[in-house]
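Reader: I am new to this structure and would like to learn how to read it. Could we go through it together, one feature at a time?

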Amino acid sequence: MIGLAIVGRSASAQVARTAPARLQPELRADAFIARATTLQGGVGAAFVAGRSVRVALLAGGGRAWQGGESGPSARVDVIARLLLDPERRSRWGLYAGAGAG
């Protein structure tokens, strides 16, 4: 999967390195390349579920192509992320994630 996510931050979190907003909106653009190639856009929101854990609920829709034919495609995802730098000491941080869709 190739994806791009844009995550919003509150104005106060951008100015000072404070705790993240309780609810962060997301916009996504994803490409799935398998038996069927799928391009989708999506929206969702992530929320704080613990000091190092964020949970995102996402919905996406787009088009899928397979065997010269195309049709609509959609998905709903739940993704949990474990932040390895929850205090945001570094501008860029690693995380591990798991989810279902």
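Author: Gladly, and let us begin with a pair of charged side chains: Glu-87 and Arg-51 meet in a salt bridge, at 1.9 Å from N to O. A salt bridge here is a side-chain nitrogen of Lys or Arg within 4 Å of a carboxyl oxygen of Asp or Glu. This is a predicted model, where local features need pLDDT of at least 70 and side-chain atom pairs count only at pLDDT 80 or more, while totals for chains, interfaces and linings use all residues. Residues are numbered from 1 along each chain as its sequence is written, and side-chain values use heavy atoms, leaving out hydrogens and water.

Reader: Where do Glu-87 and Arg-51 lie in the chain?

Author: Strands are DSSP runs of E with at least two residues, numbered from the N terminus. Glu-87 sits in the loop between strand 5 and strand 6 (95-100), and Arg-51 in the loop between strand 3 and strand 4, 36 residues apart.

Reader: Is Arg-51 buried or exposed?

Author: Buried means under 20% relative accessible area, exposed over 50%, and partly exposed in between (1.4 Å probe, protein chains only). Arg-51 is exposed at 60%, and Glu-87 is partly exposed at 34%.

Reader: How many salt bridges does the rule give?

Author: The count comes to six. One of them joins the side chains of Glu-26 and Arg-81 at 3.1 Å, N to O. Glu-26 lies in strand 2 and Arg-81 in strand 5 (residues 69-83), so this pair ties together parts that are 55 residues apart in sequence. Glu-26 is buried, with 3% relative accessibility, and Arg-81 is buried too, with 15%.

Reader: Which residues are linked in a network of salt bridges?

Author: Arg-28, Asp-30, Arg-75 and Asp-77 form that network. Within it, the side chains of Arg-75 and Asp-30 meet at 2.6 Å, N to O. Arg-75 belongs to strand 5 and Asp-30 to strand 2, 45 residues apart. Asp-30 is buried, with a relative accessible area of 3%.

Reader: How do strand 2 and strand 3 pair?

Author: Two strands pair if DSSP finds at least two bridges between them. Strand 2 (residues 23-33) and strand 3 (residues 37-48) run in the antiparallel sense, with eleven bridges. A hairpin of three residues connects strand 2 to strand 3.

Terms used. Helix = DSSP H or I, 4+ residues; strand = E, 2+ residues; numbered from the N terminus.
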